[in-house]
Amino acid sequence: MKRYLWILLASLVLLAGCKGAGEEEGDGPFLYYVNTDGTDLVKQEAKSLEGDPKEAVSYLLDALQEKTDTIDYKSAFPQKVTVEDWTLEEGRLKLFFTQDYEDMDQAAEVLLKAAVVQTLTQVEGVDSVEFFVGDKPLARKDGTAVGPMTAEEFIQNTGSSLHSYQVGNFSLYFAGKEGKLVREAVEVRYNSNISAEKQIIEQLIKGPSGENALPTLPEDTKLLGVSVRDGVCYVNFSEEFLQPVDQVDPKLTIYSIVNSITASGSAGKVQILVNGETNLSYQETIDISQPFSMNADLIEEEE
C-alpha cells in the first residue's frame, strides 16, 4: 500500500488544464501547477521566454508562486514556502527557499521539485536547477546533497494518463585520485519506463558530484542505446567515448561503466560498443570485443 501511494503521489501527469477534450495543446513554454487533489501536475501556457534569461526566470518564479484564480489547479508552492533569492551562473540556477520548505510532506515536495525544474529549465541559458533551504543545499535523508536537477529527471510520457516514477539508489564508480575507483551513492528519480541501466550511464556521463572523484567519460559522449539480454548489458556509445579522459587510466574508464552497471543494474556482464561496433581497442590498450565482468580489485576500500 505504501509503495502504491508513493507511485500515485509521485506520478506526474500531463493534463490539458482547462482545455476541453479535442482541443490542441499549445507548443509552450508552460507553467507547471498541481491539480486540486495535489497528486498530479497540470501545465498551462506561459508567455514567450525570449530575451534576457534572468528576466524570464523572474517572470516564471513570480507566476509559479502566485495564487491561481481557478479551481482546476493551484500553485505547487505550499503556503509559506517561497523563494527568497536566486542566482544564475553558467547555466546553473540556484534557488534559496525559506525554512518552511522543511515542513513539506514527501508528496508535496516531489511535485514542487518537478513543477519548478520543468518550468525553469525551459529558459534558454538554464541547464539545471539547484535547491537551497536558507543557505544550505537541499539534502536527502542520509545527509547527501540533492545537487543540480534537470528536466530529464522528471521526464513525462505523453501517451498515458498516469505515469509512475521510482527512485533508484545507484552505486556509481568514478576515478579516485589514488588510481582506483571510488564509489558514489546517487539517488535518482526516473520514469519506470526507462531502464536503470540507462539512468546509470547518463549519471556517469554527468560525472561525480564529490570533489574526491574524477569523471571517467568524456563530457560530450552520447549514449546511443542500452539494452539487457541474457544477463548482458549492451551499451552503445558515440565515437566521442574513444577520446582519452585527462588523468584517468583507460582501465578505470572501462570498469567505471562495468562496475556501476553490475552493482546497481540487472546484468552480470557488460558489452561496450562504439557506433554499434565491438571489434575495437579502447585507447589502444583494452580489447572491448568481449563482455566484461565486475572487477572488485579496482575499487578503493571505503573508510
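Is aspartate 100 buried, exposed or partly exposed? Select aspartate 100: at 30% relative accessibility, the residue counts as partly exposed (buried means under 20% relative accessible area, exposed over 50%, partly exposed in between, with a 1.4 Å probe and protein chains only). This is a predicted model, in which local features need pLDDT of at least 70, side-chain atom pairs count only at pLDDT 80 or more, and totals for chains, interfaces and linings use all residues. Residues are numbered from 1 along each chain as its sequence is written, and side-chain values use heavy atoms, with hydrogens and water left out.

**Stop 1: the loop and the sheet**

Aspartate 100 sits in the loop between strand S5 (92-97) and helix H3 (106-120). Helices (H or I, at least four residues) and strands (E, at least two) are DSSP runs, numbered from the N terminus.

Next, select S4, S5, S6 and S7. These four strands make an open sheet, in the order S4-S5-S6-S7, with mixed pairing; two strands pair if DSSP finds at least two bridges between them. Strand S4 (83-89) and strand S7 (136-137) are the edge strands, each pairing on one side only. S4 and S5 run antiparallel and are joined by six bridges.

**Stop 2: a salt bridge between strands**

Side chains of opposite charge can pair when their charged atoms come close. A salt bridge here is a side-chain nitrogen of Lys or Arg within 4 Å of a carboxyl oxygen of Asp or Glu, and the count by this rule is four.

Select arginine 92 and glutamate 130, which form a salt bridge at 3.5 Å, N to O. The pair links distant parts of the chain, with arginine 92 in strand S5 and glutamate 130 in strand S6 (residues 128-133), 38 residues apart. Arginine 92 counts as partly exposed because its relative accessibility is 36%, whereas glutamate 130, at 8%, counts as buried.

**Stop 3: salt bridges within helices**

Go to helix H3 and select glutamate 109 and lysine 113, which lie four residues apart, about one turn of the helix. They form a salt bridge, with the closest N and O atoms 3.5 Å apart. Lysine 113 is buried, with a relative accessible area of 9%.

Then move to helix H4 (residues 196-206), where lysine 198 and glutamate 202 are also four residues apart and so separated by about one helical turn. Their side chains meet in a salt bridge at 2.4 Å, N to O. Lysine 198 is partly exposed at 30% relative accessible area, and glutamate 202 is partly exposed at 26%.
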